[in-house]
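Hi everyone, thanks for coming. Let's look at a structure together and take its strands one step at a time.

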Amino acid sequence: MVHYKKGQREVFWDEFNVNRSLTSAVLKQHEPRREEIVITFDKPWEGDGCNYYSIVKLAEGYRMYYFGWRMYNEDCTAHSTKKIYICALESTDGIHWERPDYGLYEFEGSTHNNIIMQAWDSEKGAMDNFTVFIDENPACPPEQKFKATAGVDGFADGTRYPELFCYYSADGLHWQKGWTISDKNKYDSQNVAFWDKDANEYKLYVRDFHGYKENWVANGGIRDIRVQTSKDFKTWTDAKLVDFKGSEDIPLYTNAVRKYERAEGVYVGFPSRYMERLDWTPNYDQLANPDWRKVRTAISPRYGLAVTDCVLMVSRDGFSWDRFDEAWMKPGIERKWNWVYGDGYPSVGFVETPSELPFAPAEYSIFCSEKHWSNEPAELRRYTFRKDGLISRYANYQGGKLVTHPFTFEGEELSINFSTSARGIVVVRAYSRNDEDRNKTDCLTSWELFGDSPDRKVPFRDGSLKDFAGREIWLEFEMKEADLYSMVIE
């Protein structure tokens, strides 16, 4: 029996509280909207390799960490030997981002830059990623409030080190090296950790391979997502391959997993999907900028042959995931620098931002780089999506229904996040067994609802929903040309 607390939001992104036998409204994924370029990485310490963005919320505004680096050398014949730096941007509104003058690291004789530290471990070699989160564990020491996972992918003494370790900081600017988390997996991707208050543990999502027999640097095999847990951020379980419930076994590069704060117990991830074709075909000649693709291929075949995009996945326990097979973020219409290995790597974390439409409600912004490994400065583009609007239950004009399982009702009224056409409608019916005669069913029916609102109160024709307080009820949503995203009992 599901029990909703007053004020608890329920998203209709999966079948957690959906009676499948009575529901005909279908799951519908909603793509993000492509917005403006928020910054161009054209500083001398940046370049076409800027990536692996992670966002944290500060007391006022946001901070976004990223790698500042260049992929190729000057004549584009090999990897660049220039150093990689960990940098940060800051924003007060989540839309306009600036490089603070931190004065922490000297670059070419000046400390006037936004560099936090150099991405290099003195013992093991180059870091392959550095992903930051704010530790919300009540037992976290103040000096470790900011934590970061960092994968080592270096050759300090001629040996390659697949190792993941942590850094910590009191302010997110001055960092101390911590301890090794694990050396059992392949950490050359963006590894994501956070404190899960619902499970009272840390979760860590990492990348590995399965289905191949070559050494770990081989391209063969399936790139996958695994999860580890810990009570203290020091002792971890072994990484366990997440369960996609029988979905196609496809290569996934990053994961960008986070808890969805508006709905209790819901996890969401935005993994990049890696598709490597093994041979050059005539289609590559017709993609934009094929000559540059051939340059990338000459350095490493997969740099020119692989293409990537981003898919969407949701979970109730952080281990078993519902994943859409269709792309959530596509490379889009062919342009000079897209349809390449590096498209669709979204930021870890998204932020609430005001809508550009007057009087429209706030939405969410997520960020993704463009011009990846292009030998030109990378650009960071903003994408937006509706609150709770990643997935809906949808019915066309012929109509459909969503019916919930019974749940204990505590509250006085119901609000829904929904959208219809001008001719579309949503009608809500609340059912409960009669207190005196359990063979009878009491029913309340709402007025027709139409419009497009993230918070529409549901008025009932023949009574008040608070009359059902403390009772077991179930809801039926009759829909025509409508999307239903979420509900909340208030």
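Let's start with strand β5, residues 51–57: six of its seven residues are buried, so this strand is largely enclosed by the rest of the structure. Buried here means under 20% relative accessible area, with a 1.4 Å probe and protein chains only. Strands are DSSP runs of E, at least two residues long, numbered from the N terminus.

This is a predicted model, where local features need pLDDT of at least 70, side-chain atom pairs count only at pLDDT 80 or more, and totals for chains, interfaces and linings use all residues. Residues are numbered from 1 along each chain as its sequence is written, and side-chain values use heavy atoms, leaving out hydrogens and water.

Which strand does β5 join? That is β6, residues 62–68, running antiparallel to β5 with five bridges between them. Lys57 sits opposite Tyr62 of β6.

Now to another sheet. Two bridges link β18 to β19, residues 267–269, and Lys259 has Tyr267 as its bridge partner.

How confident is the predictor? The mean pLDDT, a per-residue confidence from 0 to 100, is 92, and 95% of residues reach 70 or more. Over residues 213–218, though, pLDDT is below 50; beyond near neighbours in sequence, that stretch has eight contacts in the model, meaning heavy atoms within 4.5 Å.

Technical notes
Buried means under 20% relative accessible area, exposed over 50%, partly exposed in between (1.4 Å probe, protein chains only). Helices (H or I, at least four residues) and strands (E, at least two) are DSSP runs, numbered from the N terminus. Two strands pair if DSSP finds at least two bridges between them. pLDDT is the predictor's confidence in each residue, from 0 to 100.
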